[in-house]
Amino acid sequence: MNSDTILILGYGAMASAIAQGLNGKYSMEICGRDRRKALDFIAKLDLQNTTAPESKSVDFASNPHAINIQDKILLLCVKPYALASFAYLGQAKAVYSVLAGISIEQIATHIHAAAYVRLMPNIAALHGLSATTAFCSVGAASMISAQEKREPHMDLPDFSVCSTAVEQTDSLSQQLEQLKCQAQEICQGFGEVVFVENERLIDSSIATSGSAPAFLALVAQALVDSGVMVGLGRVDSRTLVAQTFVGVGELLRHYSPQELIDRVTTPGGTTIEGLAVLESSGVRGAFIQAAKASVAKASATNAPNHSCAPAQPHMPAIQDCQPPKPSAKRTKL
């Protein structure tokens, strides 16, 4: 068993999928607003070496629950709006987040950690078959403030510290590789993982994996209904469609989508007749627009207009978030 302790914040469907994948591999803690729900969660999933610690009360109304994250791996499996509902005490070894549209920069204003990982799993994690996208970031040094981006320093480099900078870069690279190994081990507990080098691509993967199960389920339902319309029983139709999806998933490991279409389609045959109807109806474009809309929704959630108010009462956040100064009233001319 791994010596690290994983604290899962939340007890919903995604928390369930992740906890089952990690069961027996790590010591775990399940935490949320309601400890009874956490205990029921542990019992229902028969989680081994898992506890539900009490969340401490604090004195300010905006953050009534405080949790100890010191030297633990924290998995955020709550709704995005609940991120600020807790006070995070101490510094975590790493924070893993499945919160759609919430950036590492936003997370870091609430939680102090040595490393951050954003994940985009999908509902297939419930059966250990998630297609998960991951982006890893090590330490506060990897986070460049918006002000620094807008006003880059133009001073000449100090060559006396170049060797130190190179050593620090090598150290960060090594830490990043170690983090990726850890993330891969965790993610493989509930499916497969693809690492991206740009955080923006986490939201982009909503198109290919995050929202895709719902899009494909719509296709599946249409095919089931089609089978019923031409005489198949609904149960038989659903069974055939489900197995067809399993088969297509395996075939796509060996062929590109277009190669698969070409293998099924014969000149003047039945499949090309149906494909022509789908293309004339704009199905391909509709899927692209639907995926684009889902990504745009996540990007809107991730817009830089969030409240920069760290939730930690006793330990400073990674970034120095100062409240905006009130704007002066304008005099009407």
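Which residue in strand 10 is the bridge partner of S97?

1. It is R118. Please keep in mind throughout that this is a predicted model. Strand 10 covers residues 115-120 and pairs with strand 8 in the parallel sense, over three bridges.

2. Are the faces of strand 8 covered or open? Both are covered: A94 and Y96 are buried on one side, V95 and S97 on the other. As background, side chains in a regular strand alternate between the two faces of the sheet.

3. Now to the cores. The largest nonpolar core has 35 residues, and the members that touch the most others are I6, I8, L75 and Y96. Helix 1, residues 13-22, gives the most to this core, with five residues. Another core, of 29 residues, lies apart from it and includes F86, V95, F135 and A298.

4. Leaving aside residues up to four places away in sequence, I8 touches A15, A19, M28, E29, I30, C31, L75 and C77.

5. Finally, have a look at the surface. L216, L223 and F245 form a nonpolar patch there, with about 250 Å² of accessible area together. F245 belongs to helix 9, residues 234-251.

Notes
Residues are numbered from 1 along each chain as its sequence is written. This is a predicted model: local features need pLDDT of at least 70, side-chain atom pairs count only at pLDDT 80 or more; totals for chains, interfaces and linings use all residues. Side-chain values use heavy atoms; hydrogens and water are left out. Buried means under 20% relative accessible area, exposed over 50%, partly exposed in between (1.4 Å probe, protein chains only). Helices (H or I, at least four residues) and strands (E, at least two) are DSSP runs, numbered from the N terminus. Two strands pair if DSSP finds at least two bridges between them. A nonpolar core is a set of buried Ala, Val, Leu, Ile, Met, Phe, Trp, Tyr and Cys residues joined through side-chain atoms within 4.5 Å. Contact means heavy atoms within 4.5 Å. Patches are made of residues with over 30% relative accessible area and no salt bridge: like charges are joined within 9 Å, nonpolar side chains (Val, Leu, Ile, Met, Phe, Trp, Tyr) within 5 Å. Accessible areas come from the Shrake-Rupley method with a 1.4 Å probe; for residues, only the protein chains shown count as cover. A salt bridge is a side-chain nitrogen of Lys or Arg within 4 Å of a carboxyl oxygen of Asp or Glu.
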